[in-house]
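The sequence and structure are shown first, and the description follows.

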Amino acid sequence: MSRIKTVFGELKGQGKKALIPYITAGDPHPEQTVPLMHAMVDAGADMIELGVPFSDPMADGPVIQRASERALVHKMGLRKVLAMVTQFRETDQTTPIILMGYANPIEAMGTAAFVQAAKAAGVDGVLTVDYPPEECEKFNQQLTAAAMDSIFLLSPTTEPARTDLIIQQATGFLYYVSLKGVTGAANLDIVEVSKRVAEIRARTDLPVGVGFGVKDAATAKAVAAIADAVVVGSRMVLTIEQSAADTLLPNIQALITELRVAIDAA
Amino acid sequence: MQLYDMPDQRGHFGPFGGIFVAETLVEALEELRLMYEKYRHDPDFLAEFAYDLKHFVGRPSPIYHAKRLSDKIGGAQIYLKREDLNHTGAHKVNNTIGQALLAKRMGKPRVIAETGAGQHGVATATIAARLGLECVVYMGAEDVKRQAPNVFRMKLLGATVVPVESGSKTLKDALNEAMRDWVTNISDTFYIIGTVAGPHPYPMMVRDFQAVIGVEAKRQMQEMLGRQPDAVIACVGGGSNAMGIFYPYIDVPNVRLIGVEAAGHGIETGLHAAPLTANSPIGVLHGNRTYLMQDEDGNIIETHSVSAGLDYPGVGPEHAWLKDIHRAEYVAITDDEAMQAFHNLCRTEGIIPALESSHALAYAEKMAKSMSPDQVILVNLSGRGDKDINTVAKLANITL
């Protein structure tokens, strides 16, 4: 069983929801990424979404784009991201890691080579933002053959027939984008999100995560009440951006703790 | 009958093209695809488009025999398709009118665009003013500085120009930012892409709107010479003017189609914008798969060309396909060669060409020399060079 499925199963048994923080690998500095990952787990993160830096992150807002730019200053490429996962796995064999990124770095490496290397490193799931299901059938088969999960986005504008198509291809969990826009955009409308998540649930048994607009403890709590997982991205990255080197880990841990408490209170 | 029938339903030209976007954009593209399918053969829509091309743009653009230039070079006769004579000074307006009319039919009151040198931005602002649409143009902060007259032109036309500070602050970043605007404001906004790139249906739609260039050229060449040219030459950045003149010729045998990329300081220096000529790897950017200038990690690398309109790391997917099936040939011209051709046309014909088009002219001159005087080269003179006089003056160390 995949680590992602195991963790969702355990949380369900405890009546809890998953907290999935996102950070961009190599931000603010490559040496800080693995310590940040461990710190997030220690403070209560259930899984980690690790962003692969890309020069042209079209679906991301300015906060996450700046994180990519900081990482790229250090020539942070996909192979180095996988090396970080390998290093993380030396002391943590249970926390699922989901790579989030764009198609081009994967295609530049070659999909088969990437899948093999990601599996060896200990990656559990892959979310490729600009690979809609129609364009990545072969890649999906490669991931499935390697027992890694294919995470797909669903958006407020995704029609029901298309939702079904995506559900057929998805494993691990579904990621509902809570607003029309890029990562870190305006406030989410919890009533609307709730309605959409219910519609998705009626069509699948896969867990449903919600992200793109979770900004603070209050939104995290509201989302936890209706979804199986809360994904927090821009807020994490903003905290990294605003922290000095010596306050980085404590600030991130404080944020995770705050979100954890809010989610568990939902 | 047109035998060539590309792309497929999802915008694939063989392995190229497609729809590589985040799920948040999928429905918007599907809506656009369906609306374009509905209107692309609709007589009322086509009549409205043809009316504006004639009365607002001034089409058909003439074909002109550059006799003195041909004599000076020696060899084949060089003919110019005069897109520089269009309203707004380039071929870009053909496409912006088509897309803006579609936006109007779709009930979208707001249009957005990306622009590099500002030509597509000006063409979009122009038609937005004509149709009473709100217009926002994204432009790299570097380009805003370099192209101040076009920025002011857009503002005069009532558009809002947003400088983009992210990434390399050039065309590709403006495109990223326009996509972000679109995904956020999908319900009331139409995104007018300026070249034959982006996700399906854009490469096909922009090609169709620009194909008026080639359709006219075929008729005009027949009328003028009773025959078609031996070669058609056009510059290629994203590749919209080239696709526009090539497309109606794809099925015509014995007409060579030659796309000219920007070799910048030279292909061997790495400072260029010629992914096809330099054999760049295949990749995914801006919603489609194509040849792409990138590093070994798959990050897009910065390009160089004296001509802002050719300064793009990718190329329209249909050009990638035409290269692979050997229907079109792709070559590159350096900054210096383009500048020489720019001055040649100014002095021999009294026409100031755009620096983009000067790349096509430079290759035509090279090629003409090895051809006989009864052979014919048709160059797409995609734009006029008034916008480039500051760049040209600066290269000659002249302060205007």
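This is a predicted model: local features need pLDDT of at least 70, side-chain atom pairs count only at pLDDT 80 or more; totals for chains, interfaces and linings use all residues.

## Contacts of B:Tyr249 and the nonpolar cores

Beyond the residues up to four places away in sequence, B:Tyr249 touches B:Gly214, B:Ala217, B:Lys218, B:Met221, B:Gln228, B:Pro229, B:Val232, B:Val255, B:Leu257, B:Arg327 and B:Leu378. Both B:Tyr249 and B:Leu378 are among the residues with the most contacts inside the largest nonpolar core, which has 94 residues.

Another core, of 68 residues, lies apart from the largest one. Its members include A:Ile48, A:Ala71, A:Ala170 and A:Ala227.

## Packing of α1(B) with α8(B)

Helix α1(B) packs with helix α8 of chain B (residues 171–184) at an angle of about 80°, and their axes are 10 Å apart. An angle of 65 to 115 degrees counts as roughly perpendicular, and α1(B) is therefore roughly perpendicular to α8(B).

From α1(B), the contact is made by B:Thr24, B:Leu25, B:Ala28 and B:Leu29; from α8(B), by B:Met179, B:Trp182 and B:Val183. These residues divide into 6 nonpolar, 1 polar and no charged.

## Packing of α3(A) with α11(A)

In chain A, helix α3 (residues 62–73) packs with helix α11 (residues 234–242) at an angle of about 50°, with 9 Å between their axes. The two helices are therefore oblique to each other, and their crossing is left-handed.

On the α3(A) side, the contact involves A:Val63, A:Ile64, A:Arg66, A:Ala67 and A:Arg70, while α11(A) supplies A:Ser234, A:Val237, A:Leu238 and A:Glu241. By class, the residues of this contact are 5 nonpolar, 1 polar and 3 charged.

## The setting of A:Gly26

A:Gly26 is located in the loop that runs between β1 (18–24) and α2 (30–43) of chain A. Its relative accessible area is 0%; A:Gly26 is therefore buried.

Apart from neighbours within four places in sequence, A:Gly26 is in contact with A:Thr33, A:Ala71, A:His74, A:Met76 and A:Met84. Of these, A:Ala71 is also a member of the core of 68 residues. A:Lys12 is 14 residues from A:Gly26 in sequence, and the two are 32 Å apart in space, C-alpha to C-alpha.

How values were computed: Residues are numbered from 1 along each chain as its sequence is written. Chains are lettered from A and ligands numbered from 1 in the order in which they are written. Side-chain values use heavy atoms; hydrogens and water are left out. A nonpolar core is a set of buried Ala, Val, Leu, Ile, Met, Phe, Trp, Tyr and Cys residues joined through side-chain atoms within 4.5 Å. Buried means under 20% relative accessible area, exposed over 50%, partly exposed in between (1.4 Å probe, protein chains only). Contact means heavy atoms within 4.5 Å. Axes are lines fitted to C-alpha atoms, for helices over the stretch in contact, and angles run from 0 to 180 degrees between N-to-C directions. Helices (H or I, at least four residues) and strands (E, at least two) are DSSP runs, numbered from the N terminus. Angles under 35 degrees count as roughly parallel, over 145 as roughly antiparallel, 65 to 115 as roughly perpendicular and the rest as oblique. A crossing is left-handed if the near helix is turned anticlockwise from the far one by less than a right angle, and right-handed if clockwise. Ala, Val, Leu, Ile, Met, Phe, Trp, Tyr, Cys and Pro count as nonpolar, Asp, Glu, Lys and Arg as charged, and the others, Gly among them, as polar.
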